[in-house]
Structure formats: structure tokens, C-alpha cells
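Colleague: I'm new to this one, and I'd like to know where all the labels come from. Please show me the model and take me through them.

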Amino acid sequence: MTLDGATTEVIRSYLLSAAEEMRRTLIRTAFNPVIYEVLDFGISLYNRDLELIADAPGLALFLGANDYAIRKGVEYVGEENLFPGDIVLMNYPYWNSAHAMDVTLFAPVFAPDETRPFAYTCLRAHWMDLGAKDPGYVLDSTDMHQEGLIFPGTKIYKRGKLDKEIVELIRFNSRMPDLVIGDLEAQVASTRTGEKRLQEIYAKFGAARFEEATQRILKHGEMTTRRALESLPHGTYSAEDFVDDDGISDTPVPIKVTVTIDDEGMTCDFSASSPAVRGPINVPFGLTETICKFVLKSLTTPHSPSNAGNFRPLKVIAPPGNLFHAIYPSATFTLWTSHLALELVYKALAQAMPDRLVASSGGDVPGFMMVGTNPETGQLYAVSNNDPVGWGGGAAHDGTNATNHLSGSLVRNTPIEVMEMKTGMFIEALELRSDSGGAGMHRGGVALTRRIRFRSPGEFLSVTKKTKTRPWGLAGGHESEPNAMLLFPGTAKEKRVGTYRAAVEAGDVAVCLTGGGAGYGRPTDRAPADVLEDVIEGYVSLEAARDVYGVIIADGRVDESATKKLREGRP
């Protein structure tokens with residue numbers, strides 16, 4: 001059977017719609033703000049050969065990680081041991097491509113009278129507690145067993161029947177069981193929605209049309225990616241950076257990548273990076289693959305939905321035991337290494353295509369969390385937020401101000417109202433951080449300053465791994481201000497930290513300073529009128545306008561004569 005293009009496109013749209021309906025079901029039924037507000041999840045659909053055929057927007061790094069996870073999960077359980085109604089739970093980090101609190105559910109999808117699944121659903125979302133050694137995030141674990149209860153691929157539904165013993169095991173290993181069980185049930189509801197829609201599509205078009213359509217989708221994905229790769233500069237490019245520390249020692253950890261684009265495709269090699277470290281910044285290999293999938297997709301087919309064909313030209317290398325190929329029992333909880341690695345791959349490729357790529361963003365995801373006890377209910381809470389950073393300037397434009405790190409895709413911040421209602425945090429101020437963006441002909445986007453006052457005691461966690469080095473500029477653009485967390489400012493306890501866990505009392509203050517985007521091009525090539533606008537908007541100070549951009553502003557206007565002299569180096 002040969003399908004026409006229109007029918008293939010209709011089936012593709014049905015598949016995307018099924019994934020989107022799973023997404024909406026999850027958002028509407030989840031208990032945890034990190035799911036229904038922040039969108040910290042990933043939803044994917046696969047054919048019988050475990051090839052991605054559709055997904056729904058969430059955290060982009062989760063979507064690619066699903067590809068690796070479902071292969072490992074089905075391999076572990078065995079396809080022959082999967083039956084209609086089964087749902088499998090998995091969070092073993094080296095297979096699941098994430099830390100232990102990012103929990104995946106996958107399910108085989110069967111047609112009537114068929115004994116082999118014709119498709120699979122896969123859905124992961126962040127749970128708030130699974131019995132790790134610390135509530136909230138674990139910042140200093142040294143092996144997997146300190147990071148929570150582990151499921152290698154465990155059927156939580158068997159032939160449609162819930163295994164209540166597994167649910168009780170989860171309940172008694174969580175400090176926040178109501179939230180966790182609620183989110184589990186939301187994921188189950190989403191999974192069942194996906195199963196039902198896939199079965200309807202399969203029944204509507206028949207097995208032959210469904211199979212041919214999905215194969216055509218994959219072939220088209222590969223063809224468009226390879227065609228786009230042909231237009232990219234071929235060659236080999238390397239870059240390096242540093243993770244602040246591993247959470248145990250203060251020693252910076254080197255990360256390196258070599259990227260090759262040739263007639264075969266794109267290869268990313270992390271072999272020269274640090275070996276695995278003692279602390280929890282090691283990266284499962286499936287997540288390393290995902291970082292590279294993100295870059296490849298953005299450079300080749302950014303405007304079309306993802307499918308497995310898009311990634312056939314990609315090869316990723318990281319030997320087992322490397323920082324980017326964590327193996328048992330390596331700790332993996334603070335996976336912020338992946339954010340730095342994403343920027344690192346772009347940094348390597350920017351050598352070949354500076355006119356196409358932008359300078360570094362703020363370089364990392366500046367996260368924070370408060371853990372405490374609700375005084376009214378006596379129940380533990382843990383609510384997190386990832387703050388925006390500035391994005392880098394490019395050859396044709398300034399960087400965007402105060403936007404979630406590019407690794408987050410469509411992920412959002414936790415609303416102030418949610419944080420203040422559910423925790424002991426009160427947000428006193430949230431404003432743009434002047435002079436945080438790197439100077440340049442096109443300046444980097446500015447970042448944020450958030451001032452938090454605590455109304456009740458608890459623990460406050462700061463999580464960021466790029467505070468000791470500055471984000472990189474392009475074509476003569478300047479580096480930007482890095483991320484930082486200032487604890488107890490103006491007191492004898494004042495401390496500037498990156499990743500840190502601190503006890504707080506009512507009245508204490510923390511100030512989150514997020515990183516700006518780096519600049520593109522020489523600052524003295526920036527149009528004086530644009531510098532004046534930056535000053536008026538508060539993005540750039542008068543002092544920086546004069547000392548960095550060489551622009552003299554007086555009485556609300558550019559002093560063109562003085563500016564010309566300054567830029568020419570004349571007194």
C-alpha cells in the first residue's frame with residue numbers, strides 16, 4: 001500500500017493531537033505545581049520498534065531522554081512480558097536518563113486480537129519526594145542509594161489491575177505521599193488517554209496505513225535533517241568549560257566536547273571531559289544524547305515536530321565512567337551539568353557559524369527551593385522555582401531579557417502567588433538586573449534580581465553550577481555577569497553561594513542574582529542611540545555606557561561630540 005502525502009499528514013496530526021491530549025490531561029490532574037505550573041514533564045509516543053513518532057511540548061531534555069529510557073525499560077521487562085493494560089514505572093537513573101525524582105511511566109498499546117504492541121506511550125514528570133536522604137533536592141549525595149527509592153522497570157498496573165502493594169511502597173517511602181500518589185494517578189490518567197487515542201487512530205486507518213504513515217514520517221524526518229546538515233559548515237570544532245563543583249569539593253570540574261559535521265552527519269564526543277566525580281553532577285548517557293539531539297534539531301529542523309528520523313544522523317560518544325556516561329553507583333541528582341553542556345556544544349559550533357549562533361546565555365538554570373512544614377496542616381512542603389536568565393546577543397539582534405534557559409523549552413517559572421501561598425517565602429522584589437548582560441554591538445539580554453524574605457523557618461536550597469566562570473561572548477562581545485545567590489545580605493552571616501543548603505528563620509533574606517546573556521561584537525560598534533535607549537530602560541548604567549560602550553549621555557541625550565572623541569581615544 002502506498003499512501004498519499006495528505007493522508008500521511010492527517011495521521012501525523014492525529015498522533016500529535018494524541019500526545020497533546022495526554023499533556024492536557026496531565027496538567028489538569030497533577031497535584032504538584034512543578035508539573036501543572038512549571039510543565040516539568042515530557043510526553044512521547046513510539047511505534048512498535050520504539051521509534052519516536054510524536055511528542056508534546058514540555059521540558060525538551062525530558063523528551064529526548066524518553067527515547068533512551070523506553071528502550072532500556074522494554075529491554076529490562078521484555079516485550080514478551082508486556083500485556084494489554086500494563087503500565088511500567090521506572091526511575092533507575094542510568095536507564096531513565098534523569099535523576100531519581102523524574103519518574104517515567106510507559107505502557108504498551110495493543111489492538112484487539114494482536115499479541116504484539118503496535119505502539120507505546122511514555123511519560124515522565126518530576127515527583128517531589130521518593131525517600132531520598134534529604135527532602136527537596138539532594139545536593140551532596142555520593143551514590144545512587146542516597147537519592148531515593150529506585151524502580152528499574154516495575155509494573156504498577158498488570159493487565160489493567162493496579163498493584164496496590166507498589167503504591168503502598170511508594171506511599172511509605174515518601175515524605176509527601178499525598179502529592180506523590182496524586183501525581184502518579186495523574187500520569188496514569190494521561191497514559192490511559194494516550195492509549196485510547198492511539199487505539200482509535202489505529203482502528204480508523206488500519207494496521208497497514210498506520211505502519212506506512214509512521215515509516216514515511218520517520219523517513220521524511222531523516223531526509224530533512226540530512227538536507228539541512230549539508231548546508232552547515234563541515235569540520236571539527238572543540239570547546240571547554242567548567243562546572244563550579246561536584247557538590248562535595250570546591251574544585252571546578254572540566255567539561256569538553258568535540259563536534260564533527262561531515263557527510264555522515266553530526267558527532268559529539270565528550271571523551272575528554274572529566275571522569276565521573278564523587279558528587280551528584282554525573283550525567284546519564286541518555287541525557288547526554290538528548291543534549292546533542294536538542295542542538296541538532298535546533299540547527300536543522302527547528303520548525304517541525306520531532307521524530308526518530310530527525311536524529312538518525314547523530315552519533316554521541318562518552319565512554320562509560322565518564323562524567324557524561326554515569327554508571328552505577330554514580331550520584332546523578334543535580335543534573336545541572338546538562339545545562340552547561342548544552343551551551344558547550346553551541347560554543348564549539350559557534351566557531352564555524354558565528355553569524356548563525358548567539359553568544360552564551362546566563363549559562364545555567366538558577367534554581368531555588370524552600371522546604372518546610374505548613375503551620376496549619378503540619379505537613380511537609382517543598383516548592384521549587386527556576387529563574388530566568390538573559391540570552392546571548394547574535395549577529396542580527398540583541399539577546400532576549402530575562403527568559404528561561406534555552407534547555408527549558410516551554411518550561412515556565414513558578415508563579416509568585418504559588419510560592420507565597422504554599423511556602424514561607426515572600427517575594428519583596430523582582431526586577432531586571434542592570435549591567436548583567438554582556439556588552440557588545442548587540443548586547444546580551446539582562447537577567448533578574450529576586451529578593452526573598454522568609455516568613456517562617458525552614459530550609460532554603462540554591463541550585464546552580466555556573467557561578468565561578470562567566471558566560472562566553474562572540475565576535476568580540478563581552479562576557480556577562482554570572483549567576484549567584486546571596487544569603488543573609490547585610491548581616492554577619494552574609495554569604496555568596498552557588499549550590500547550597502541553608503537553614504532559615506523568619507525575617508531572613510536571600511537575593512537571587514541570575515546570569516545575563518553575553519554580548520556579540522565590539523561594544524564600541526553599538527549605535528549610540530541604542531545605548532541611550534538601554535540606559536533609559538535601565539538595562540545599562542550611565543557608567544557602563546561611558547566606560548564600556550564609549551557613549552557619553554548628558555541631560556537624557558547622547559553627546560555626539562564627546563562620544564566621538566571618546567571612541568577615537570582623543571582627550
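Modeller: Let's start with classes: Ala, Val, Leu, Ile, Met, Phe, Trp, Tyr, Cys and Pro count as nonpolar, Asp, Glu, Lys and Arg as charged, and the others, Gly among them, as polar. Sorted that way, the lining of the second largest pocket has 12 nonpolar, eight polar and five charged residues. Keep in mind that this is a predicted model, where local features need pLDDT of at least 70, side-chain atom pairs count only at pLDDT 80 or more, and totals for chains, interfaces and linings use all residues. Residues are numbered from 1 along each chain as its sequence is written, and side-chain values use heavy atoms, with hydrogens and water left out.

Colleague: What makes something a pocket here, and not a cavity?

Modeller: On a 1 Å grid over the protein atoms alone, a cavity is a set of points where a 1.4 Å probe fits but cannot get out, while a pocket is an open set with protein on both sides within 12 Å along at least five of seven lines. A residue counts as lining if an atom of it is within 4 Å of a point. The largest pocket holds about 1100 Å³ of space, a volume being what is filled by probe spheres set on points joined across faces, edges and corners. It has 42 lining residues, and those closest to its centre are Phe294, Ser298, Pro302, Tyr346 and Leu406. By class they come out as 19 nonpolar, 16 polar and seven charged.

Colleague: Which element gives the largest share of that lining?

Modeller: Helix 7, with six residues. Helix 1 (5-29), strand 2 (52-56), helix 3 (60-77), helix 7 (285-300) and helix 8 (337-350) each supply at least two. Those names are DSSP runs numbered from the N terminus: helices are H or I with at least four residues, strands are E with at least two.

Colleague: And what lines the second largest pocket?

Modeller: That one, at about 550 Å³, has 25 lining residues, with Asn374, Gln379, Leu380, Tyr381 and Lys422 nearest its centre. Helix 6 (177-230), strand 13 (380-386) and helix 9 (416-422) give two or more residues each, and strand 13 gives the most, four.

Colleague: Why is strand 13 called largely enclosed?

Modeller: Buried means under 20% relative accessible area, exposed means over 50%, and partly exposed is in between (1.4 Å probe, protein chains only). Five of the seven residues of strand 13 are buried, so the rest of the structure largely encloses it.

Colleague: How do you know that strand 13 pairs with strand 12?

Modeller: Pairing takes at least two DSSP bridges between two strands. Strand 12 (residues 367-373) and strand 13 share seven, in the antiparallel sense, so they pass. One of the bridges sets Phe368 against Asn385 of strand 13. Six residues lie between the strands of this hairpin, where Gly378 takes a positive phi near 75 degrees.

Colleague: Why do strand 2 and strand 7 count as edges?

Modeller: They belong to an open sheet of seven strands, ordered 2-1-5-4-3-6-7, with antiparallel pairing. Strand 2 and strand 7 (161-162) have a single partner strand each, so one side of each has no neighbour in the sheet. Inside that order, strand 3 (residues 87-90) and strand 4 (residues 102-109) are joined by three bridges, and Met90 stands opposite Thr104.

Colleague: What makes the span of helix 1 close to expectation?

Modeller: The expected span is 1.5 Å times one less than the number of residues. Helix 1 has 25 residues and reaches 36 Å from first C-alpha to last, close to the 36 Å expected. Among its buried residues are Thr8, Ile11, Leu15 and Met22.

Colleague: What stands out about Ala402 and Pro329?

Modeller: Most residues other than glycine have a negative phi, and most peptide bonds are trans. Ala402, in the loop between strand 13 and helix 9, has a positive phi of about 40 degrees.
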